[in-house]
Amino acid sequence: MTELIFEQSTAGRINNAQYQSGTFSIDDLPQALLRKTSPALPEVSEMQAVRHYTRLSQLNFAIDTHFYPLGSCTMKHNPRICNEAAMYDGFSGRHPLSPASTGQGVLSCLYDLQEILKDISGMSEVSLAPMAGAQGEFTGIAMIRAYHEARADDARQEILVPDAAHGTNPATAVMCGYTVKEIPTLDNGDVDIDALRAAVGPQTAGLMLTNPSTLGVFERQITEIAALVHEAGGLLYYDGANMNAILGKVKPGEMGFDVIHLNLHKTFSTPHGGGGPGAGPVGVSKRLVPFLPVPRIAESSGEYVLLDKNDCPQSIGRLSCFMGNTGILLRAWIYARMLGREGMKRVADYATLNANYMKVKLEQGGFDMAYKSRRATHEFILTLKKEKTETGVTAMDFAKRLLDKGYHAPTTYFPLLVPECFLIEPTESESLEELDGFIAAMEEIRRESVEQTELVKSAPHSLPVRRLDDVRAARKLDVVWQEDAV
């Protein structure tokens, strides 16, 4: 177990190397707000603090240090130039309440990003306002609801969601006041078109779909699906989590979708994890343009302006105090500009190539694929059901043992349709040698599961924290330090 910083504490030791004396007095604070007792903080030197937290950071699995094949989350390389350029004083120093006239440079970049996202999504207009993918989802369904309400089509109270969808999809629909009807998936990974045909009707507000789906396959019936929903008077929402597979290849707008959210912190390679920051812009077809959230950037007589509720009276309104996470949006814009149109196509090419290479190699190594007859997109699913039956070793055991081999595990037990599954997404960032190393580690664990079953079932063995009781950790989480606990 890694030592707590409190365990290094020595009474009277202070860390004031960065403190500028004479600039602040305790007398400047209202007496009623002063603490009566000293805070329970560790008393350590600056070097002790630096070394402690540096050591902790080195224990983390991160995209900068390890292969991170987290299916449906697109954990890929974040070019440092994007971070550096987004931190230029002209960008980072601008206050969000500054008038548009003093931020023409920033607004011109963000307007250009809107245009780029319109182009790659095939949508009529884009708003950069949503500050995360989940908020983008909520925005999309909120606009669908506003559209139906504006037409006084009050009977539409149901959202259709495939059983392979991200869990946030039904949650978003319920948050927007809809009931959810689940549409089954066929054994080949496609949506059950007959079940969809039976489900649509005057109560259908829309369908939420990810294409490619979370099953790692492209929905081949998408144009027929779009026609069915539109003929019933509903709209199509596109979950953009898997956009990395089709970037520059096919546009959701061309598939028939009416609204899309894009995870810029995934597809457009900006740092994410730990709860943020993110960016989830939304694009819409012509019929939903009036309902886009504000503020939105527009160009007028050579100047960039921020449209508000007065300019867009049917808008669903603001999602936050300001307009999106500007730092993340700028990183995405820089990334897109560096790639260009052809570079974006190469992202999809190599993301798909890497996934299919791994799928074939792992299958040759004895692993079962969930959808054997289907070509992978940017990710694929293998099932460890056979391994569990024969040895008792589960997908979670494999995941924990991968940590010992120096690899973060893929997404486990999702989607729920596939038992003992790994959802593996290598992205376009990884070299052939890295992919081969992961494949070799998986094959080695497979041999261990037969020859050294308990070794795998009790993994990890090389990390400072061993196997946790997941249920207890979730329900009785205790991260508060108390002096008498040391």
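The model is predicted: local features need pLDDT of at least 70, side-chain atom pairs count only at pLDDT 80 or more, and totals for chains, interfaces and linings use all residues. Residues are numbered from 1 along each chain as its sequence is written, and side-chain values use heavy atoms, with hydrogens and water left out.

Let me begin with the domains. The assignment gives domain 1 (5-57), domain 2 (81-339) and domain 3 (346-471); such bounds come from an automatic or database domain assignment. Between the C-alpha centres of domain 2 and domain 3 there are 31 Å. Their contact, meaning heavy atoms within 4.5 Å, involves 25 residues from domain 2 and 19 residues from domain 3.

How much area is buried between domain 2 and domain 3? The value is about 1700 Å², with 56% given by carbon and sulfur atoms. Buried area here is the accessible area (1.4 Å probe) that two parts lose on being put together, summed over both. On the side of domain 2, Leu-215, Gly-216 and Asn-244 supply 31% of the area buried against domain 3, more than any other three residues.

I turn now to charged groups. Domain 2 and domain 3 share 2 salt bridges, each being a side-chain nitrogen of Lys or Arg within 4 Å of a carboxyl oxygen of Asp or Glu. Elsewhere in my notes is the pair Asp-190 and Arg-374, whose side chains form a salt bridge at 3.3 Å, N to O.

Finally, the cavities. Rolling a probe the size of a water molecule over the atoms shows where empty space is left. A cavity is a set of points, on a 1 Å grid over the protein atoms alone, where a 1.4 Å probe fits but cannot get out; lining residues have an atom within 4 Å of a point. A volume is the space filled by probe spheres set on the points, which are joined across faces, edges and corners. There are 2 cavities of 30 Å³ or more.

The largest cavity holds about 110 Å³. Among its 14 lining residues, Pro-162, Ala-164, Leu-209, Thr-210 and Ser-213 are the closest to its centre.

The second largest cavity holds about 60 Å³. Its lining has 13 residues, and Leu-215, Lys-359, Tyr-371, Phe-380 and Ile-381 are the closest to its centre. Why does the second largest cavity lie between domain 2 and domain 3? Both domains give residues to its lining, so it lies between them.

Methods. 1 Å grid on protein atoms, 1.4 Å probe; cavity = no way out; pocket = protein on both sides within 12 Å on 5 of 7 lines; lining within 4 Å.
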